[in-house]
Amino acid sequence: MSTVTESVDVNVPIGTAYNQWTQFEDFPQFMDGVESITQTGDTHTHWVTKVAGQTREFDAEITEQHPDERVAWTSTGGDTKHAGVVTFHRLADNETRVTIQLDWEPEGFVEKVGSAVGVDSHQVKADAKRFKEFVENRGTATGSWRGDVPRP
């Protein structure tokens with residue numbers, strides 16, 4: 001299992017950063033390799049990714065979600081096994097620290113080599129930077145889902 005953690009400070013209120021993160025279908029606009037995400041229910045998504053020429057599809061379930069605090073998920077089926085959590089920390093009225101932690105199981109030679117040389121951590125860092133640019137340039141979230149999903 002590979003674990004990657006990355007933090008980025010965004011110059012928007014915590015509610016704006018959190019609300020934007022809940023708009024999963026917008027992830028392809030700032031996450032490299034994410035082709036599409038379809039929200040199939042309040043706590044379920046279907047992902048299509050393409051990394052190093054390999055297309056993968058999987059479903060994920062939100063396992064915990066608390067507005068302006070955290071979103072956690074785990075894959076529930078498909079080509080990729082992973083889980084993650086994103087936490088939101090208010091630094092000031094218009095500044096929020098977003099911390100992303102991903103745990104994933106590299107599959108196949110290309111993914112295992114990529115993980116071994118740190119490609120996955122560079123990818124998460126670049127995606128976090130693009131999220132920062134995306135939400136700061138907009139100044140507002142493209143939508144929001146403020147539902148609470150308690151830890152099972």
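Thr16 is found in helix α1, where helices (H or I, at least four residues) and strands (E, at least two) are DSSP runs numbered from the N terminus. The structure shown above is a predicted model, in which local features need pLDDT of at least 70 and side-chain atom pairs count only at pLDDT 80 or more, while totals for chains, interfaces and linings use all residues. Residues are numbered from 1 along each chain as its sequence is written, and side-chain values use heavy atoms, with hydrogens and water left out.

Thr16 is buried, with a relative accessible area of 15%; in this report, buried means under 20% relative accessible area, exposed means over 50%, and partly exposed lies in between, as found with a 1.4 Å probe on protein chains only. Leaving aside its neighbours within four places in sequence, Thr16 is in contact with Val135, Gly139, Thr140 and Ala141, contact being defined as heavy atoms within 4.5 Å.

## Strands around β7

Strand β7 (residues 95–104) is joined to strand β1 (residues 2–10) by 9 bridges, and these two strands run antiparallel; two strands are said to pair if DSSP finds at least two bridges between them. Within this pairing, Val8 stands opposite Val98 in β7.

Strand β7 also pairs with strand β6 (residues 82–92), in the antiparallel sense and over 10 bridges. The strands β6 and β7 form a hairpin with 2 residues between them, and Arg90 stands opposite Thr96 in β7.

Ala83 is found in strand β6 and, at 23% relative accessibility, counts as partly exposed. Ala83 and Trp104 are 21 residues apart in sequence, yet their C-alpha atoms are 6.4 Å apart in space. Leaving aside its neighbours within four places in sequence, Ala83 is in contact with Trp73, Thr74, Gln101, Leu102 and Asp103.

## The nonpolar core

A nonpolar core is a set of buried Ala, Val, Leu, Ile, Met, Phe, Trp, Tyr and Cys residues joined through side-chain atoms within 4.5 Å. The largest such core holds 30 residues, of which Val10, Trp21, Phe27, Val71, Phe88 and Val98 touch the most other members. The elements that give two or more residues to this core are β1, α1 (14–21), β2 (34–41), β4, β5, β6, β7 and α3 (119–138), and the largest share, 5 residues, comes from α3.

Which residues does Val98 touch, not counting residues up to four places away in sequence? Val98 touches Glu6, Ser7, Val8, Val10, Ala17, Val86, Thr87, Phe88 and Phe131, and two of these, Val10 and Phe88, are also listed with Val98 among the core residues that touch the most other members.

## Salt bridges between side chains

Side chains of opposite charge can pair when their charged atoms come close. The structure holds 6 salt bridges, a salt bridge being a side-chain nitrogen of Lys or Arg within 4 Å of a carboxyl oxygen of Asp or Glu. In one of them, the side chains of Asp9 and Arg97 meet at 2.7 Å, N to O. This pair links distant parts of the chain, with Asp9 in strand β1 and Arg97 in strand β7, 88 residues apart. Asp9 counts as partly exposed at 25% relative accessibility, and Arg97 counts as partly exposed at 34%.

The closest N and O atoms of Glu136 and Lys132 are 2.7 Å apart. Glu136 is partly exposed at 27% relative accessibility, and Lys132 is partly exposed with a relative accessible area of 21%.

## Asp68 in its loop

Asp68 lies in the loop between β4 (54–66) and β5 (70–78). Most residues other than glycine have a negative phi, whereas the phi of Asp68 is near 65 degrees, a positive value.

Asp68 also forms a salt bridge with Arg146, the closest N and O atoms being 2.9 Å apart. This pair links distant parts of the chain, from the loop that holds Asp68 to the segment after α3 that holds Arg146, 78 residues apart. Asp68 is partly exposed, with a relative accessible area of 22%, and Arg146 counts as partly exposed at 37% relative accessibility.
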